[in-house]
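Biologist: I am new to reading models. Can you take me through some features, one at a time?

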Amino acid sequence: MFGGEPDTKKGRKCIAVAALLLTASIVALLRTVPAFSQETELRGEVSESAILADQQRKARQLRPQGSLDQAVPATQTAEDQTPANPYEPASPGAVPDDDQAGGAAGSIFDQPQATDDPGADGQTMAAPRRPSTARRSAGAKAKSDAKAAGKQNAKKKPGQTTDSTAKAATGDQAETAATEDDGANRRAVTIDSVDRQKLDPGAERTGSIEGQKVKPEDDPFAAPGIKLGTFVFRPTLEQGLTATSNADASAGGRSAVLSETALRFSATSDWRENSAVIDGYGLFRNTLTGQKINDAQGRIEGQLNVDLDNELRAIAKLGYEAVPESASSPDAIAGVTSQPLRQTVDGSLGIEKDVGKMRYALTGAVTHDTYGDAKLSDGTVLSLKDRDSTLYSATLRTGYQVSPAMTPFLEVEAGRRIYDLRLDSNDFERSSTRLGARAGLELDMREKLSGEFSVGWLREGIDDDRLPAIAGPYVNADLKWSPERGTIIGLTGRTTVETTTTANESGDLLYSGRLTGERQVRANLTADTALGIDWRDYTGSDGHDLILSAEAGLTWWLNRYAGLTTKVRTEKLTSNLPGRDYVANSVYLGLKVQR
């Protein structure tokens with residue numbers, strides 16, 4: 001029993017020794033392993049001034065440290081500056097702080113003392129930061145130079161300095177510069193620097209309206225107009241002199257110098273949906289010298305466009321015209337001091353509807369003509385009431401839109417002309433029935449080409465069986481073509497039924513055509529030309545008239561409101577009927593004022 005006791009004591013001693021060795025090992029491990037712990041507490045926002053002050057403090061500390069390192073062997077300096085186990089932050093994207101020298105003054109970026117760490121032994125340990133790219137390259141170069149310097153120092157005498165030592169000092173300076181660059185980069189990436197970043201070009205502010213280039217006007221000399229309620233009113237007044245070889249454009253006309261005054265105006269509505277246009281003119285002529293002429297004429301007309309429901313559009317027109325009888329008219333009365341005044345009141349109402357590509361239009365029109373009394377040279381008065389009449393007509397149009405630019409159509413017309421007096425002064429019943437049909441094409445190529453033209457047949461049968469019907473081909477055209485900017489070519493054509501109260505005559509068909517051209521030579525200079533042809537075909541006989549005309553004019557604008565205008569015109573009538581031929585040439589010069 002006593003033989004086992006020594007073994008028990010020996011075992012206890014071994015266990016105690018093992019426990020002491022284990023405790024010493026744990027203490028040694030805790031003392032040798034640095035307790036680098038990442039600070040998890042947020043520091044909050046740091047101002048740029050604090051960052052700049054800290055970087056300047058570090059730069060001042062590194063300058064004397066570099067001079068002291070030159071006296072220390074290069075090998076020891078390189079080993080001291082390169083940590084054996086560099087710290088790598090565990091969190092992705094974490095930015096470590098700069099290395100702090102031992103015993104240096106405190107910084108706002110220093111790690112707090114690890115007082116709770118038992119292995120720290122009351123010592124303050126700075127957490128190393130990850131070297132930047134510039135620092136790593138500079139440190140690697142310094143380390144390699146330090147190793148080479150260590151080998152050379154082993155061969156040199158103690159009192160001699162080597163080139164490697166100088167290179168090591170240069171490496172320290174490079175590391176200092178890299179540290180300063182890294183600090184500058186940190187200062188660039190701050191919260192406030194986001195506000196100084198360049199904006200997206202799409203989010204930049206545009207320049208002021210006053211600083212931008214002003215788009216030039218298409219017509220800088222166009223009338224600006226006067227605002228009257230919801231309309232823009234544009235009046236034009238023209239005053240000039242005309243020298244003519246034939247004052248009244250007749251076979252017996254004589255030369256004269258006339259004073260001409262023309263007043264024209266247009267008013268356009270400024271409405272949101274519907275539109276209205278009012279146009280008018282007045283022309284007054286008085287003789288200064290030569291053949292006696294004293295007449296006046298004018299016209300005013302308006303158009304209203306209204307958009308209705310269900311793709312319906314309404315177009316209403318109303319006009320009034322007062323024109324003296326032309327001396328070259330077949331119904332002109334010879335031996336009068338002044339030709340009778342013809343007054344015309346006309347109006348129409350149309351409805352248009354689009355169904356797919358089909359186009360439908362129905363228009364009703366009324367025209368009433370009234371003739372004044374003729375004053376004869378002997379002082380007597382001749383009444384022309386038997387010429388007063390009213391024409392009622394209805395037109396139906398059907399079209400198909402082949403393309404947005406072209407719409408061919410068919411049109412039929414039916415009407416009735418009723419005279420105020422059933423029998424005229426020669427006991428003829430002049431009332432008649434009107435029928436017509438035509439085919440045409442409507443063009444809409446915006447400002448390049450627009451308008452329409454049509455051809456067909458027209459017949460107006462008189463109630464009196466003794467008078468033949470007025471019938472013949474029908475032509476109508478109204479086209480505008482702009483081959484280039486500032487140039488407008490126009491073509492108009494019209495067929496008119498001219499009635500008469502002459503005994504045993506029905507009347508005639510008058511075909512009129514005009515080719516016009518307008519060219520803006522300069523912004524303040526406009527040229528215009530016109531060529532005209534008229535053909536009058538008398539019904540019931542082989543009589544006819546041919547009228548040719550040509551004119552050219554210039555308008556030179558002094559400013560937006562006033563300009564000088566001139567015009568040259570010639571006209572010639574040739575007829576197979578006796579006493580109708582004439583030639584008239586004229587020159588006009590005037591001043592035009594507009595607003």
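Biologist: Where does Arg-580 lie?
Modeller: Arg-580 is in the loop between β21 (562-575) and β22 (582-594). Strands are DSSP runs of E, at least two residues, numbered from the N terminus. This is a predicted model: local features need pLDDT of at least 70, side-chain atom pairs count only at pLDDT 80 or more, and totals for chains, interfaces and linings use all residues. Residues are numbered from 1 along each chain as its sequence is written, and side-chain values use heavy atoms, without hydrogens and water.

Biologist: Is Arg-580 buried or exposed?
Modeller: Buried means under 20% relative accessible area, exposed over 50%, partly exposed in between (1.4 Å probe, protein chains only). Arg-580 has 15%, so Arg-580 is buried.

Biologist: Which side chain joins that of Arg-580 in a polar contact?
Modeller: A polar contact is a pair of N or O atoms within 3.5 Å; within protein, one must be able to donate a hydrogen and the other to accept it, and residues adjacent in sequence count only if both atoms are side-chain atoms. The partner is Asp-545, at 3.0 Å. A polar atom of the Arg-580 side chain also lies 2.7 Å from the backbone oxygen of Ser-328.

Biologist: How many aromatic pairs are found in the whole structure?
Modeller: Rings of Phe, Tyr and Trp (its six-membered ring) pair if their centres lie within 6.5 Å; planes under 30 degrees apart count as stacked, over 60 as edge-to-face and the rest as tilted. The search finds two pairs. Phe-231 and Trp-271 are edge-to-face, 5.6 Å centre to centre, with 80° between the planes. Phe-233 and Phe-265 are tilted, at 5.7 Å and 40°.

Terms used: Helices (H or I, at least four residues) and strands (E, at least two) are DSSP runs, numbered from the N terminus.
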